[in-house]
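Subject: Structure for your files

Hello,

Here is the structure I said I would send. My notes on what was found in it follow below.

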Amino acid sequence: MAYVLNTEITSWFSALRSSWRTALRIDRSQIMAIQALYSTLGFVIPLALGVATGHVVEGVSIAGGAASLGSVALDASSSARTRTMFLACVGIAVSAFVGSVTSQIDWLAILVIGIWGFGAGMLVALNRFAMIIGLQSTIALIILSHFKLDPLNAALQALLMFVGALFQAGLGLLTARWQRTKIERHVLATAYRQLANYASDPGSTFPQTRDVLSNAQTVLAESSISEREGNVLYGLLEAAERIRLYCFALQQLRKSIGSDDERGAHCSSYLDRVLEATAEELNNIADELEPRKGFVHFHKPQQELKEALTGLRQELGAFCDEASIQQVLGYSSALRDQLHATKKLAKSLRYKQLHLPQELLGSFRNRHPNRLQWRNALVMLRANLSLESTIFRHAIRLGATLTLATALYRVGPWPIERGYWIPLTALLVLKPDFSTTFTRGLARILGTMLGAALTSLLIALLAPANEVLVVIDAVMAYLAFTFLYANYAIFSAFITMQIVFLLSFVIPQPLTTALDRALDTLIGGVLALIIYALWPTWQLKQVPRDLAAHLDSLCSYGSVVLTAYVNTSTCDSAQFHELLQQARLARSNADVSIRRSLEEPVSHHFDPDLAQSLLEAEDTIAQSLLALEAHLLAHPVNHKLSEMVSFKQEYEEALHLLAEAIREQRPAKQLPPIKETLHDLDNSVKARGYAECSDVRAIIAELRRIVGAITLMAQLLAEREKSRHKLQSE
């Protein structure tokens, strides 16, 4: 018993050390130096005007409303940012009024803050923009509930905060007019640069390429730009997906060709030249997409591609594996044509030539997906009303914590000045998962203590007048917005200094304010961490659910790809793209879930070796499906395989059985005879002498990889069950 207890304590200390290291890590790629300027302007302009005109209190209130929305302007597309800001304006104004009106009655204020906390927790289920609206609204409610105002003054205070938030949103809309498509073009340029790296070395850059393409999809889905521009942008994204498929297929063929003999080495060198020229062309396309880049020439990569293809055609008759070279030529030609079309798309976007042939354009299918559609939102919220839901448990935990934190300073036996920082800290610390909660809690406490100490030092040295305070507050706000996503501890330090200096305009005791904030933050942070530790949400159950969800998405994606081999009329690249995006998102969720599990105490881990092995097997299936889709795109006429019907059915059945077994953490039931079906398919197409598909061997090879991955997953689940029984018997 003592050994188990010691192991548990050691496990917790290890998890906390991991959270501490994460809290101190600075992600330089997330430093928002330019974007922070716009957010800082929205905050400092009303504050400066209020001080200059003698309306200091009004200026502080408006600046506070603007500051609450400053973070929204940092990492979203212009349209999504503006949309979220305007919705948050309403949420902040309503919450500020409700908080002020209910502040007169302690029990009512405590109850309302708990309800708002539960609602903010549930909004996490919708999307990150709904989460921001819920978070900012709850912050406004908590702050205003501290000031006991009558309804008239409450309405006036809410109006001032609304004006500030509206000013920040209007500033965002103004900048969005001349920044239109800037973020969208930037993420696409990033995707094409990553594709260039992938063309050169796909093995080491496969996850990064998947992630940047997924991010580009998310940003485009958030956009509400014109349909003509949207079609061009989606065309560029879909072109990037096809280029990735062709590069993947060529890399797979390079392995099969090898370089053991002179002819193989010669062909491999030509193929390397194709991929190198492709990488250079992709970098040039990325240069076209970046608004700040100058004129770009495309001639050299196209010439390199042409010469490499000519060399491959000359090798065709001399190389023993003629079918492989035929495939290389097919993919390389398709890749060259795709690059040429993509170049036209990039140049048309740069030079505002949006009238292009329809076959080059994408379909801007997902316009306005993140606007609050009440029916969909209610369906999603209703689906999460279960204790099995991580979101529902988070919402209950958050509501209960805010209720307790508010009661602690409002009706507790200890007099706590400006105690609203206790529930405010708990709101910002508590997240649905262990690692984020403890990382953010430690960062918040550390940053606030540091900010309070620096504030005290600056006040002692400078004793600033109001005009100087405006400048100091602007600098602190800028630094806070700059480091918001790079390091939360640094952000907490600067936001503490910003708020203390802002309040010093109306509360002339900045040293006391800084001390109160440090103490209240410590109480709120520790309270949030204790409550999470008492009722945690472990990834132990979430990991198998996410792995199974990824397998389900691969089942859907694989089903349409394999169906296209049976019936050529079902080959729909738009459908492929949509299902691939769903699979990519599911894979990202599974990966994040596994990594979060590893940051939790060991006793609550899902078996990390099993989880990683299952994910790798699923990745094998995904890569083979990508290769099969690439073949469909490169050979739209020669891929009909009627024998694929039985294999497709058994593929779907096998993945359903495996997904069910992973969710329930048990061995899979008897899988269908997919190995035998593949053997029959192979014999059948051989008997026809490859009449309908000259490169069917490559297709069969990918199907074998899929079958191997399915078999491996079944074996892994069976071995885990044997190990569990063995441990129980011992």
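The largest nonpolar core in this predicted model has 115 residues. A nonpolar core here is a set of buried Ala, Val, Leu, Ile, Met, Phe, Trp, Tyr and Cys residues joined through side-chain atoms within 4.5 Å. Buried means under 20% relative accessible area, exposed over 50%, and partly exposed in between, with a 1.4 Å probe and protein chains only. Tyr192, Phe647, Tyr651, Leu703 and Ile710 have the most contacts inside this core. Its largest share, 15 residues, comes from helix 10 (residues 227-257). Ile710 is in contact (heavy atoms within 4.5 Å) with Ile621, Tyr651, Ala654, Leu655, Leu658, Leu671 and Ile674, leaving aside neighbours within four places in sequence. Another core, of 63 residues, lies apart from the largest one, and Ala63, Ala443, Phe494 and Met497 are among its members.

Some conventions before the rest. The model is predicted, and local features need pLDDT of at least 70, side-chain atom pairs count only at pLDDT 80 or more, and totals for chains, interfaces and linings use all residues. Residues are numbered from 1 along each chain as its sequence is written, and side-chain values use heavy atoms, with hydrogens and water left out.

On the whole chain: its secondary structure comes to 26 helices and zero strands. Helices (H or I, at least four residues) and strands (E, at least two) are DSSP runs, numbered from the N terminus. Of the 730 residues, 56% count as buried. Among contacts with a separation of 6 or more, 81% are between residues 24 or more positions apart.

Helix 2 (residues 35-53) packs with helix 3 (residues 56-68) at an angle of about 175°, and their axes are 7 Å apart. Axes are lines fitted to C-alpha atoms, for helices over the stretch in contact, and angles run from 0 to 180 degrees between N-to-C directions. That angle makes helix 2 roughly antiparallel to helix 3; angles over 145 degrees count as roughly antiparallel, under 35 as roughly parallel, 65 to 115 as roughly perpendicular and the rest as oblique. Residues of helix 2 in this contact include Phe43, Pro46 and Leu47, and those of helix 3 include Val60, Ile62 and Ala63. By class, the contact has 10 nonpolar, three polar and no charged residues. Ala, Val, Leu, Ile, Met, Phe, Trp, Tyr, Cys and Pro count as nonpolar, Asp, Glu, Lys and Arg as charged, and the others, Gly among them, as polar.

For helix 6 and helix 16 (residues 421-429), the axes come within 9 Å and cross at roughly 170°. Helix 6 is therefore roughly antiparallel to helix 16. Leu135, Thr138, Ile139, Ile142 and Ile143 in helix 6 meet Pro423, Leu424, Leu427 and Leu428 in helix 16. These divide into eight nonpolar, one polar and no charged.

Ser145 sits in the loop between helix 6 (128-144) and helix 7 (151-178). Ser145 is buried, at 1% relative accessible area, and its contacts beyond four places in sequence are Gly99, Ser100, Ser103, Ile113, Tyr409 and Arg410.

Gln542 is in helix 21 (residues 539-566) and counts as buried at 19% relative accessibility. Not counting residues up to four places away, Gln542 touches Thr390 and Ser593.

On cysteines, the structure holds zero disulfides, a disulfide being a pair of cysteine sulfur atoms within 2.5 Å. Cys247 is buried at 1% relative accessibility, and Cys555 is buried at 5%.

Regards
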